Amino acid sequence: MKNDMGLNIRQLRLAKNMTQEQLGEKLSLSAQSVSKWENGVTLPDIQLLPELSVILGVTIDELFTLTDETRFERIDNMLFDVRFLSDADFAQTERFLKEKYGEEATRAKAALLLAQLYNKRADEYHQLAAPLAKRALLDNPDSKDAHNAIFDSDNGAYMDWNFTNHHKLIDWYKGFIRTHEDNFKAYLWLLDLLLADGRCAEAREYAEAMNRMDGQYHYLYYMSRICRAEGDFKAAEEWLEKLLNDYPDSWLTYVMYADEMAKQCRYDEAIEFYQKARPLRPQPPFVDCEEAMAHIYEIKGDYEKAISMYEAIIEMMKTQWNETEGEGIDLYLREIERLKKKKA
């Protein structure tokens with residue numbers, strides 16, 4: 001029960017965007033006391049439960065047992081807010097999701113969260129592996145295995161077609177579309193895979209099928225990408241110009257155009273169009289434009305502007321998304337610190 005209640009308090013606290021210090025202050029306790037609850041070392045004093053339940057926005061009973069829907073929501077928040085899950089949090093979350101996967105009513109949600117949980121754990125290990133692999137290569141510059149470990153952990157670009165082609169996943173998506181012909185978004189994922197593998201003729205077929213369902217900007221964008229993959233750069237530019245002319249009020253139009261400019265290393269044009277997209281975004285705004293511009297400024301060696309983009313993101317997360325702590329903020333703080341060291 002200690003671990004269950006501690007996990008509940010942790011998830012409820014994160015959902016309220018509170019630190020352990022802030023929760024402790026509201027209860028006139030230390031952050032260490034809250035940490036002990038969340039790690040299952042101790043339980044809150046029974047006299048604190050009424051006040052604790054009010055602060056966290058739940059009933060006293062819910063401090064002990066959350067509903068399935070509430071617990072799914074807390075897990076979703078935890079996966080986003082926490083950089084590295086403790087072994088206890090991971091094991092407890094895994095047990096709960098496996099149990100709910102066995103129930104028909106909750107199978108779909110549990111399957112998705114389980115997949116996200118495992119992907120997060122894989123990403124956690126990749127974050128731990130990358131600096132170690134780089135250290136190994138610095139110590140042994142002739143080590144091919146160290147190069148492989150760096151690429152495996154840090155999203156390297158392999159030249160080996162046997163390793164990088166996507167034919168199995170392409171076949172899976174083709175089968176999915178055969179049974180879900182009107183699932184528009186599935187076509188986008190399949191088109192990305194086909195273009196990554198240079199299978200342009202098939203990409204044209206699926207782009208045309210997609211266009212019959214939705215004739216908006218997606219078709220124009222993918223036709224530009226297909227033409228570029230085929231080497232017809234003039235046609236690719238014409239499709240992009242048509243995209244701009246036909247959909248001048250969509251923020252995604254400018255993001256798509258900017259992305260293509262960035263892929264061609266036409267960085268100044270990319271920044272111009274990311275800037276044009278910013279005021280057109282829905283509210284609260286996604287931070288894709290700022291992230292992309294931060295990458296471009298770093299590539300160009302302008303670390304100050306890259307830092308300013310990450311600072312803008314943090315401000316947006318706080319004021320527009322009500323995120324004041326957790327990985328959604330810490331990720332960008334780490335990028336700022338990394339760039340400051342690089343600049344120095």
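## Histidine 218 and its contacts

Leaving aside residues up to four places away in sequence, histidine 218 touches Phe184, Leu188, Met210 and Met256. This is a predicted model, and in it histidine 218 sits in helix 14, which covers residues 217-230.

Is histidine 218 buried or exposed? Its relative accessibility is 13%, and because buried means under 20%, histidine 218 counts as buried.

## Helix 14 in its surroundings

Helix 14 has 14 residues and reaches 20 Å from its first C-alpha to its last, close to the 20 Å expected at 1.5 Å a residue. Just after helix 14 comes glycine 231, with a positive phi of about 90°.

Twelve of the 14 residues of helix 14 are buried, so the helix is largely enclosed by the rest of the structure. Among the buried residues are Tyr217, Tyr219, Tyr221 and Tyr222, along with Arg225 and Arg228. The cover over the buried residues includes helix 12 (184-196), helix 13 (200-213), helix 15 (233-246) and helix 16 (251-263).

## The second largest pocket

Helix 14 also takes part in a pocket. Helix 12, helix 14, helix 16 and helix 18 (288-299) are the elements that give two or more residues to the lining of the second largest pocket, and the largest share, six residues, comes from helix 16. The volume of this pocket is about 410 Å³.

Which of its 15 lining residues lie nearest the centre? They are Tyr221, Leu252, Val255, Met256 and Asp259. By type, the lining of the second largest pocket divides into nine nonpolar residues, one polar and five charged.

## The largest pocket

Elsewhere in the model, the largest pocket holds about 910 Å³ of space. It is lined by 28 residues, and Asp123, Gln127, Glu327, Leu331 and Arg334 are the closest to its centre. Two or more lining residues come from each of helix 6 (68-81), helix 8 (107-139) and helix 20 (327-343).

Helix 8 gives the most to this lining, with nine residues.

Conventions. Residues are numbered from 1 along each chain as its sequence is written. This is a predicted model: local features need pLDDT of at least 70, side-chain atom pairs count only at pLDDT 80 or more; totals for chains, interfaces and linings use all residues. Side-chain values use heavy atoms; hydrogens and water are left out. Helices (H or I, at least four residues) and strands (E, at least two) are DSSP runs, numbered from the N terminus. Buried means under 20% relative accessible area, exposed over 50%, partly exposed in between (1.4 Å probe, protein chains only). Contact means heavy atoms within 4.5 Å. The expected span of a helix is 1.5 Å times one less than its number of residues. On a 1 Å grid over the protein atoms alone, a cavity is a set of points where a 1.4 Å probe fits but cannot get out, and a pocket is an open set with protein on both sides within 12 Å along at least five of seven lines; lining residues have an atom within 4 Å of a point. Grid points are joined across faces, edges and corners, and a volume is the space filled by probe spheres set on the points. Ala, Val, Leu, Ile, Met, Phe, Trp, Tyr, Cys and Pro count as nonpolar, Asp, Glu, Lys and Arg as charged, and the others, Gly among them, as polar.
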